[in-house]
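Reader: I'm new to this one. Can you walk me through it?
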Amino acid sequence: VEFNDIVPPTLGYTLKDTHGPPPYYAKFSPGMGRGVFATRHITKDELVHDGVGSAVTFPNGLSWRKFVFSLPRTMACDIAEWSWHQKSTVGGDLRIFVDLTIAAFFNSGWEGHSNVRPRSTISLQFYAKNDIEKDEELLYDYNVYETNWREVLA
C-alpha cells in the first residue's frame, strides 16, 4: 500500500469535500487521553470525518492478528485499542477496522453526549449532530458499531 495523500497522517487525510485536511486537530483531552477538536465552527449535518479514505479494513481475524503481532508491543497495544468492528454492507460480515491517522483519537461521548455520528451502522462517514464550536472536542458514541471479538477473530 502506498500513502500518497498530500495531507500527512498527523493532520488526518484529504477530506474529499474540501480537498484539505478534516476540520479537526489532535490534542490532549483531560480525563480522556488524546482527542480530536474542531479547527473551526462546524455546522449541523456537515461531513466531519470520512473513514472510507482513512480506515484500514482487515478481511478476517487472522490478518488483523498477524498485523498486530508484527508491531512493537507499545504500538500493538495502541492498535488493539483503536480497532473496532462493523459491517460495511447490509447483511455483511463483521470486519475489523483501524484508523491509522489522527482520526483514531476520536473519544466516545457515549449515548447522549456525542456530537458526531455516522448516518448508519455500516457507514464510515461521521456528520455533525449539531453545530460544533471551534476547539470543542468531537465525540461519537462507540456503541454505534457492533462489537463481537469472538465472531471477528474466529
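Reader: What volume does the largest pocket have?
Author: About 510 Å³. This is a predicted model, where local features need pLDDT of at least 70, side-chain atom pairs need 80 or more, and totals for chains, interfaces and linings use all residues. Residues are numbered from 1 along each chain as its sequence is written, and side-chain values use heavy atoms, leaving out hydrogens and water.
Reader: What counts as a pocket?
Author: On a 1 Å grid over the protein atoms alone, a pocket is an open set of points where a 1.4 Å probe fits, with protein on both sides within 12 Å along at least five of seven lines. Lining residues have an atom within 4 Å of a point. The volume is the space filled by probe spheres set on the points, which are joined across faces, edges and corners.
Reader: Which residues lie nearest the centre of the largest pocket?
Author: Glu81, Trp82, Ala104, Phe106 and Tyr142, out of 24 lining residues.
Reader: Switching to rings. How many aromatic pairs are there?
Author: The count is 11. Rings of Phe, Tyr and Trp (its six-membered ring) pair if their centres lie within 6.5 Å; planes under 30 degrees apart are stacked, over 60 edge-to-face, the rest tilted.
Reader: Why is the pair of Trp82 and Phe105 edge-to-face?
Author: Their planes are at 75 degrees, so the pair gets that label; the centres are 5.5 Å apart.
Reader: And how are Trp84 and Phe97 arranged?
Author: Stacked, with 5.7 Å centre to centre and 15 degrees between the planes.
Reader: Are those two buried or exposed?
Author: Both Trp84 and Phe97 are buried, meaning under 20% relative accessible area (1.4 Å probe, protein chains only).

Terms used: Buried < 20%, exposed > 50% of the residue type's maximum accessible area, 1.4 Å probe, protein only.
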